Protein chains: 2
Amino acid sequence: MKFLHTADWHIGKKLNGFDLLEQQNHVFKQLLQIAKEEEVDGIIIAGDLYDRGLPSVDAVETLNQMFIELNLKETFPIFAIAGNHDSGERLGTGSEWYQYSNFYLKTNLLEATKPIELADTQVFLLPYFEPFEARQLFQDEKIKTIQQGVTRLVEEMKKEMKPDKQHLLVTHFFVAGGQKTDSETKVTVGGLDAISLDLLAESFDYVALGHLHSKQALSHSRVKYSGSLLKYSVSEVSDEKGVWIVSLEDKQVTTTFRKVEPLADLQQITASFQELMSKEYYEQIKRDNYLAISLTDTKVIPNVMTELRKIYPHIIQLDRAYGRDCRENEASQMSQKLQELDPLELFTTYFKQITEDELTEEQVNWLKESLAMTQAARREQV
Amino acid sequence: MKFLHTADWHIGKKLNGFDLLEQQNHVFKQLLQIAKEEEVDGIIIAGDLYDRGLPSVDAVETLNQMFIELNLKETFPIFAIAGNHDSGERLGTGSEWYQYSNFYLKTNLLEATKPIELADTQVFLLPYFEPFEARQLFQDEKIKTIQQGVTRLVEEMKKEMKPDKQHLLVTHFFVAGGQKTDSETKVTVGGLDAISLDLLAESFDYVALGHLHSKQALSHSRVKYSGSLLKYSVSEVSDEKGVWIVSLEDKQVTTTFRKVEPLADLQQITASFQELMSKEYYEQIKRDNYLAISLTDTKVIPNVMTELRKIYPHIIQLDRAYGRDCRENEASQMSQKLQELDPLELFTTYFKQITEDELTEEQVNWLKESLAMTQAARREQV
């Protein structure tokens, strides 16, 4: 059996306000192409299909269209689960009908321990859940953590396992890497308790994980994160994005990583403002990329973001590589000083800076009256 | 062929803040029972499945469960469309898979003119649409109204009609009754242009309408509103709620109305406050009903709503059958007079009423100062 393992699509996600639907469609098409080339027997999507529980209409239409392409047009079986970013109830609507075309979408714990059989493989779909859900399901007050919940669920799954079949788990949690310590269940990433790698590695032939966005987050031959299809934060800047092609034959697993290329990459640049604004510089870089810019300048640069955006439309972060110099500290001190001025002094200073003129005596009096009235009125309101 | 025709479920609707999901489930169960008793060949739901485009998670789960009952458990084919209260995009998600089990849900104009064939009947599903959608579909700038859009769509449907088949239309609009006047297209109900009854009656053997909540809204043997399953406003208080059982044999239509009974009815009561609060009175009425109360009293009744709610938990409207008497009119005149007082007089009057004492001269001066400052500050803000 050959599967394509992907996760964390986050359809509808915006990167610092920039809509990514076009980007997401672009990498999806590559995924579809890879699935066809590799002639996989199924597509695994390990949670976080949407970026949020209540996705926009555009996001809903986009994901639905992707499912239509994969499952109805290209007839790939799909094995998908809800992640912590999904609303299980909303995502799961209609999933009872999806099964007619071998699209298995599991969004709650009910029957999560019953596998789907595909030829010689049993696929277990365990969506993201909160400890209370496992507590309710098993009527067991002792289940307080995700690790305890997963342990109990895996016990149930084992009862369903046929020895002559291969066993594959799809789930969406933070898996703590290998160290058998008590403390690992206390680690949380993205608000989730960790579950232990050993439990999963011992129980299944392959575990297709979602949640962490980097495939490097865990290093194990049979328990893997696929990572996201796009770089969704600056911390992922050096990630290689793509999907795992997982072959399971006689309980032997081989995995190959197939890369996908973004339409616009997320890139980190360190340069001076002057360099960035020079044609020789910007002509050699992909200006449409999502850029995290680190300025080497230490001086104040007026309207720096506005100026940079004229050249680079998709700046998602701007900071200083070496901090700011003394003159800026002076400006900062000035700013501090301004905060200490009373409103009358503040306005007088501002008027002088802008008009290069002094207030007349009459103007000062008007100002005093207005301020007195405003302050009195504000006192009334408090 | 035998169909059950229903519409305007408005799942998730609240009646003056009261959640109706339990009520909706109650009548749904009766609908299901009727469908089984009548052994219908299909269930028609003519739009407004949800009450709003972005329904709550509870509403989503409730409707999904109803579909599961009807279509997956009881294997009734479903023919449904989106109404003006539905978001076509959200409601339509997954509908491509529904067809595997003969659940046909149409939420946009694409392919709305292609019928679904069920034995000797062609069912056309025309969801609610805005004129611009028909204009875009046909690339015809002349389509400005719903009537023009429907006319064009019906032309296309006719091309698909097989003469030996019966033709059934499901749609969701205001249908203007029979008078062949130019003005009828100008009538709007619930924000929708009207479409002409004649166009529909001439073109189809049966037309299953949604939108108006009373089955009495239109009187025609083959073009019918089913009305809603529950009374959703006081104007529906005397409606009989239920579903049509429609038999189509050799292009002959017979219809029977099957009633459903609400768990709690919507009821209008006219009585005095004293009657309403007396045990002999309230013990003989169903106090859990949704009540629109018309008080015969004309005098002021302190805390009237609070008092009534102690007995009647579901008051959705409260008014006076005969208006209010002179003393109340005096109060009303006083209220009018108060609105004409300037803030200083108003406060002086209020102070006197509450403390039964006059303001001191010093207090009056403080008041004047404060008011002057506040008014000045407000002028500044305008």
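In the predicted model, domain 1 and domain 2 of chain A bury about 860 Å² between them, and carbon and sulfur atoms give 71% of this area. Phe18(A), Val234(A) and Val237(A) together supply 58% of the area that domain 1 of chain A buries against domain 2 of chain A, more than any other three residues. The contact draws on 10 residues of domain 1 of chain A and 10 residues of domain 2 of chain A. On the domain 1 side, these comprise 5 nonpolar, 3 polar and 2 charged residues. Polar contacts between domain 1 and domain 2 of chain A number 2 residue pairs, both residues of each pair being at pLDDT 80 or more.

These two domains belong to a division of chain A into domain 1 (2-259), domain 2 (266-320) and domain 3 (342-381). The C-alpha centres of domain 1 and domain 2 of chain A are separated by 37 Å.

The interface between chain A and chain B was examined in the same terms. About 2,500 Å² is buried between chain A and chain B, with 68% of it on carbon and sulfur atoms. Four elements of chain A each give two or more residues to the side that touches chain B: helix 2 (57-73), helix 3 (88-92), helix 4 (95-98) and helix 13 (361-381). Helix 2 of chain A provides the largest share of that side, 8 residues. Classified by residue type, the side of chain A that touches chain B has 15 nonpolar, 9 polar and 5 charged residues. In total, 29 residues from chain A and 28 residues from chain B take part in the contact. Salt bridges between chain A and chain B number 0, whereas 10 residue pairs are in polar contact across this interface, with both residues at pLDDT 80 or more.

Helix 13 of chain A, one of the elements that contribute to the side touching chain B, includes Lys368(A). The relative accessible area of Lys368(A) is 44%, so this residue is classed as partly exposed, a class that lies between the limits of 20% and 50%. Lys368(A) and Tyr128(A) are 240 residues apart in sequence, and their C-alpha atoms are 62 Å apart in space.

Notes: Residues are numbered from 1 along each chain as its sequence is written. Chains are lettered from A and ligands numbered from 1 in the order in which they are written. This is a predicted model: local features need pLDDT of at least 70, side-chain atom pairs count only at pLDDT 80 or more; totals for chains, interfaces and linings use all residues. Side-chain values use heavy atoms; hydrogens and water are left out. Contact means heavy atoms within 4.5 Å. Buried area is the accessible area (1.4 Å probe) that two parts lose on being put together, summed over both. A salt bridge is a side-chain nitrogen of Lys or Arg within 4 Å of a carboxyl oxygen of Asp or Glu. A polar contact is a pair of N or O atoms within 3.5 Å; within protein, one must be able to donate a hydrogen and the other to accept it, and residues adjacent in sequence count only if both atoms are side-chain atoms. Ala, Val, Leu, Ile, Met, Phe, Trp, Tyr, Cys and Pro count as nonpolar, Asp, Glu, Lys and Arg as charged, and the others, Gly among them, as polar. Domain bounds come from an automatic or database domain assignment. Buried means under 20% relative accessible area, exposed over 50%, partly exposed in between (1.4 Å probe, protein chains only).
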